[in-house]
Structure formats: C-alpha cells, structure tokens
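User: Hi! I'm new to reading protein structures, so could you walk me through this one?
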Amino acid sequence: MAEIVYFPDADRADGLLLRSLRDGVLRLVLNDPPANALSIALLEALMAELEKAGSDADARVVVIASTGSVFSAGHDLKELTAHRVDEDQGAAFFEKSFRLCADLMLKITHLPKPVIAEIDGLATAAGCQLVASCDLAICTDTSTFCTPGVNIGLFCSTPMVAVTRAAHRKQAMEMLLTGETIDASTAKDFGLVNRIVPKQYLAQVVAKYAAVIAGKSPLTLKIGKEAFYRQLDLPVEAAYDYASKVMVESMLTRDAQEGIGAFLGKRKPEWKGE
C-alpha cells in the first residue's frame, strides 16, 4: 500500500460532524462526545454529506470516524424519551428517528463509493449497526461492540438487520439475545470488522486502505459495490447469471480497456471513470 500523509484537521460541516477531503478521501467524523449518539441532527448531517459525496468526483472513498472514547452509542435515548409527552406518546418521532437511521444505513450500502468505518472505542446498538453497514471496518485493539437493547426492554431490531448481514448468524443472535459486549478480537471472529490495529496506528492504517482504494477506477468501484450487494440476495444460479452480465458490461467500459491494456503493457493505468 502506498504511503500517504494523513491529515487530522477537518472543516466543520456541522457542529456535530467534522469533514475533510484530501486526495480523494472524504473523512466524516462524529463529533458529539461523549456518546456520539445518532440524534436526528447527526443523522441528517451524515445523510447530507453522503448525498453530496455520491455525486462528488473528488470524493472516491468515504471514512466514518469519531472523536472521544465512544465511536457511537446509537440512538439518542434522551431525545427519544423526551417525546413520550407528545400526544401520540412519541410514536411519530420514534418512527421518524428509526426510519432516518435505516435510510442512512441504506445510503451507505447504495453509495457508489466505498465506505470505511474507523472505530476507536465502543460501538453499541445503532452505532454497531453503523459499523456493520460500512463496506469495511478497521478498529483499535481496545474497541468493543454490542447490541444491548434486550437489556432495556428494546430488542435491537433495526441494528439486527445490518449485524446479521455482517456477522455469522449464530454469533449475531448471541449478541442480540445476551446484549453483552464483545471485544475487538471476538468482533473480528464474528465478521463485524476486517482488521484490528493498535490505537497509535489506526489513522495510518485506515488512510493507507483508503489511499489504495481511491487509486482504483471509480467506475469499477461503483459497478463492483453495487454488484456485490445485489448478488448477495440472489440464489446462487441467479447470482452467477447476474454477475456474468455485469462482467460483460464492465469489459465494454473504457476503464476496463485501459486497465487491461496497462496490465499487458506493464504501465500504470490512467482512469477516466468511463
């Protein structure tokens, strides 16, 4: 992986979210410590940034990180509880919050750019859902994960959707039924994260991954990510039929022609995104 300079500074996109764009890598940092709770405001800020990233040619990879010792504690329970005094006992607000969170996770899946979660600390409930929804996840060796809704009488039903698609079925059920916290090593065994690194190297490792991916054809990444998630829900025969059609269409792109030509000519490809 190529060495790059990692830029820790960021411009404010919102009081709750920090944003920086360097060398094709868009870095979004949850900035509402100590919990980095996914309030309506933070969810909307993330949605807005991802929406812009989807059509921004300069943003080729997205990294979602956080400040403080908690990656994200999930939904803002104080914000939710405050709406129990509403005429409908909070039902409309609860629906808005959970729907917005689900839309954010779907936005990550459908975004035509790879999304990497950079985790240093606790990722719980919808925070764990956010990790599971990202395409890649890299964490420190002191990070922890859980879906503890069952402990407070609120089964983590929406986090379950992402977690069961990232972790193995029985391990996901273990997390959901017990609500217990698992360490980084167990999270990797379960399939929630790709890599575990010492805290002092986290930013550097994520930056290297992002740099390598950002150097690929943006069109190829878009096609590949979409195909990856679409084929997962298909029977194996249908998945091969679909994937074969994607390969044919990909072979006809200019970037595929350029990439194959560069490989055969032993030179570096020049991507056009076409």
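Predicted model: local features only at pLDDT ≥ 70, side-chain atom pairs only at ≥ 80, totals over all residues.
Analyst: Happy to! One term to begin with: a polar contact is a pair of N or O atoms within 3.5 Å; within protein, one must be able to donate a hydrogen and the other to accept it, and residues adjacent in sequence count only if both atoms are side-chain atoms. Here, the side chains of Thr140 and Ser143 make a polar contact at 2.8 Å.

User: Thanks. Where is Thr140?
Analyst: Thr140 sits in strand β8. Helices (H or I, at least four residues) and strands (E, at least two) are DSSP runs, numbered from the N terminus.

User: And is Thr140 buried or exposed?
Analyst: Thr140 counts as buried because its relative accessibility is 0%. Buried means under 20% relative accessible area, exposed over 50%, and partly exposed in between (1.4 Å probe, protein chains only).

User: Which residues does Thr140 touch?
Analyst: Not counting residues up to four places away in sequence, Thr140 touches Ile119, Asp120, Gly121, Ala184, Ile196, Val197, Lys199 and Leu202. Contact means heavy atoms within 4.5 Å.

User: Tell me about Leu202, then.
Analyst: Leu202 is in helix α8, residues 202-214. Leu202 is buried, with a relative accessible area of 4%. Leu202 and Ile119 are 83 residues apart in sequence, yet their C-alpha atoms are 8.3 Å apart in space.

User: Zooming out, how many helices and strands does the chain have?
Analyst: The protein chain comes to 11 helices and 11 strands. Of its 274 residues, 43% are buried. Along its principal axes, the C-alpha trace spans about 65 × 45 × 40 Å.

User: How does the radius of gyration fit in?
Analyst: A compact globule with 274 residues would have a radius of gyration near 19 Å, and the protein chain has 19 Å, so the two agree. The radius is taken over C-alpha atoms, and the globule rule is 2.2 Å times the number of residues to the power 0.38.

User: New topic: what is the volume of the largest pocket?
Analyst: The largest pocket has a volume of about 1,100 Å³. Of the 37 residues lining the largest pocket, the closest to its centre are Thr109, Ser133, Phe228, Tyr229 and Leu232. On a 1 Å grid over the protein atoms alone, a pocket is an open set of points where a 1.4 Å probe fits, with protein on both sides within 12 Å along at least five of seven lines; lining residues have an atom within 4 Å of a point. Grid points are joined across faces, edges and corners, and a volume is the space filled by probe spheres set on the points.

User: Which helix gives the most to that lining?
Analyst: That is α9, with 9 residues. The lining of the largest pocket divides into 21 nonpolar, 8 polar and 8 charged residues. Ala, Val, Leu, Ile, Met, Phe, Trp, Tyr, Cys and Pro count as nonpolar, Asp, Glu, Lys and Arg as charged, and the others, Gly among them, as polar.

User: What about the second largest pocket?
Analyst: The second largest pocket holds about 380 Å³ of space. Among the 23 residues that line the second largest pocket, Ile223, Gly224, Val246, Met247 and Ser250 are the closest to its centre. Here α10 gives the most to the lining, with 9 residues.

User: Is Gln89 buried or exposed?
Analyst: Gln89 is exposed, with a relative accessible area of 59%. Gln89 lies in the loop between α2 and α3. As for Ala125, that residue counts as buried at 15% relative accessibility.

Note on methods:
Residues numbered from 1 in each chain as written. Heavy atoms only, no water.
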